[in-house]
Amino acid sequence: MKVAVLGYGTVGAGVYRMLLNAPGMEAGPVLVRPGKAVESFMVSDAALIFGDPTVDAVVETLGGLDPAYSCGLRALEAGKHFITANKAMVAAHGLELAALAREKGTAFLFSAACGGGVPFLHNLALSAETDRIEAVSGILNGTTNYMLDAMQRRALSYADALREAQSLGYAEADPTADVSGLDALRKIQLACAVAFGILPHDGMLCEGIEHFTAADTADIRSRGLVCRLIASGRRTENAVSAYVEPVLFPRAAAESSVFVNNNMARYMGRRCGSIVLMGQGAGRFPTASAVLRDLAAARQGARAMFPENCRSAEADNREAVHSYYIRTGGSAARRLPLRSVLAQGDVVRAVTEPMSAGKMHALAQNIRRDGNDLFFAALEEEIC
Ligand code: HSE
């Protein structure tokens with residue numbers, strides 16, 4: 001199988017290097033920007049890839065929506081397998097690309113778009129063929145897990161933890177998507193589509209780690225808790241829930257032992273029960289290895305990750321109910337339905353009554369809009 005690569009950044013260069021030693025595969029041309037084709041294997045004219053009948057598969061590592069999307073269309077139209085690591089593009093255009101791939105009989109696979117090196121979507125797609133998947137969730141962003149871990153185990157500041165994650169190549173070009181939770185949200189959108197045949201759009205909830213501070217670290221540690229950023233999706237009556245928010249776990253929970261840039265992905269099937277996969281969620285070779293696995297799967301006949309008739313629908317988060325740990329100013333705290341106050345003064349730390357994720361996210365938005373700082377995290381277990 002001759003494989004062309006679009007882009008030669010962190011992931012693209014990793015894929016190219018792995019292709020050089022991959023049995024049954026041949027490294028084809030690599031598309032780079034005009035003026036950047038400094039090696040003999042690089043080209044700047046996309047027609048040399050899409051018009052080359054000897055190229056069997058195209059790997060897209062450009063990032064962003066376009067030209068990644070138009071390249072997907074061109075590759076599939078030309079009858080080539082299309083493998084991508086681009087979660088934003090698959091979340092936006094994946095259903096259309098999947099339909100085109102089905103029509104052409106070619107593969108459209110995107111394991112590397114969710115979980116980095118963890119073979120999450122690959123196994124989820126296999127399980128979903130023969131089992132009814134009820135829920136998907138996990139730590140799906142390597143950057144924020146690296147930061148949370150560095151803040152909680154090594155007492156780094158938020159800014160230093162982010163700098164380290166960026167220098168290690170885990171963060172997106174603009175890390176806002178990582179720290180705001182958007183990156184993890186896109187990944188859970190893809191997982192929902194693979195698991196349930198429903199790609200959620202609109203109505204999703206997204207809270208990142210931007211409001212987590214060193215003082216929060218100290219307080220939750222004193223209570224024996226560990227903070228992780230969790231993405232969740234579940235079947236509901238007519239649609240799916242899909243949201244991202246920080247969650248506090250007891251120190252003994254499995255999530256508390258997911259360190260550095262590791263991801264932990266879970267799915268729950270009616271027959272297979274709870275399946276947990278863990279490994280590096282970001283970085284050059286973990287991500288490139290997921291791309292190579294997709295190529296190997298395509299070579300063995302795999303064609304699709306989305307089930308047939310996969311559709312999009314608005315997310316419904318009404319059944320996602322938790323108590324929340326909150327930290328905010330005294331007057332802002334009075335606007336929340338508190339069950340118990342843990343610490344009182346200029347800063348209040350408290351636990352709320354159980355409420356829907358939608359209600360908590362909306363209250364947080366209103367409180368912040370009025371100029372108050374607020375950190376909140378769902379509680380996995382009652383702490384008081
Ligand atoms: N920025 C992403 C992360 C890269 O940190 O998880 C892998 O998707």
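Student: What makes β4 and β5 paired strands in this predicted model?

Tutor: Strand β4 (residues 57–60) and strand β5 (residues 81–84) run parallel and are joined by four bridges, and because pairing requires at least two bridges, they count as paired. Within this pairing V58 stands opposite F82 in β5, and the bridge partner of V59 in β5 is I83.

Student: How do you know that β4 also pairs with β1?

Tutor: Strand β1 (residues 2–6) and β4 pair in the parallel sense over four bridges, and in β4 the bridge partner of A4 is V58.

Student: Which way do the β4 side chains point, and are they buried or exposed?

Tutor: A57 and V59 point one way from β4, V58 and E60 point the other way, and all are buried. In a regular strand the side chains alternate between the two faces of the sheet.

Student: Why are β3 and β6 called edge strands?

Tutor: The six strands form an open sheet with parallel pairing, in the order β3-β2-β1-β4-β5-β6. In that sheet β3 (42–43) and β6 (108–109) each have a single partner strand, so one side of each is left without a neighbour, and they stand at the edges.

Student: Why is the Y8 and Y16 pair called edge-to-face?

Tutor: The count of aromatic pairs comes to 11, and in the one formed by Y8 and Y16 the rings are 6.2 Å apart centre to centre, with 70 degrees between the planes. Y8 is partly exposed, with a relative accessible area of 33%, whereas Y16 counts as buried at 9% relative accessibility.

Student: What makes the pair of Y16 and F41 stacked?

Tutor: The ring centres of Y16 and F41 are 4.1 Å apart and their planes lie at 15 degrees, which is under the 30 degrees that stacking requires, so the pair is stacked. Y16 lies in helix α1 (residues 10–19) and F41 in the loop between β2 (26–31) and β3, so the pair ties together parts that are 25 residues apart in sequence.

Student: Why are the buried residues of α7 said to be on the same side?

Tutor: In helix α7 (residues 158–167) the buried residues are A161, L162 and A165. They cover an arc of only 100 degrees around the axis, which puts them on the same side of α7. On the other side of α7, R163 and S167 are exposed.

Student: What covers the buried residues of α7, and what comes just after the helix?

Tutor: The cover includes α6 (142–153) and α8 (176–179), and just after α7, G169 takes a positive phi of about 80 degrees.

Conventions: Residues numbered from 1 in each chain as written. Heavy atoms only, no water. Buried < 20%, exposed > 50% of the residue type's maximum accessible area, 1.4 Å probe, protein only. Helix = DSSP H or I, 4+ residues; strand = E, 2+ residues; numbered from the N terminus. Arc of directions from axis to C-beta. Contact = heavy atoms within 4.5 Å. Phe/Tyr/Trp six-rings, centres within 6.5 Å; stacked < 30°, edge-to-face > 60°.
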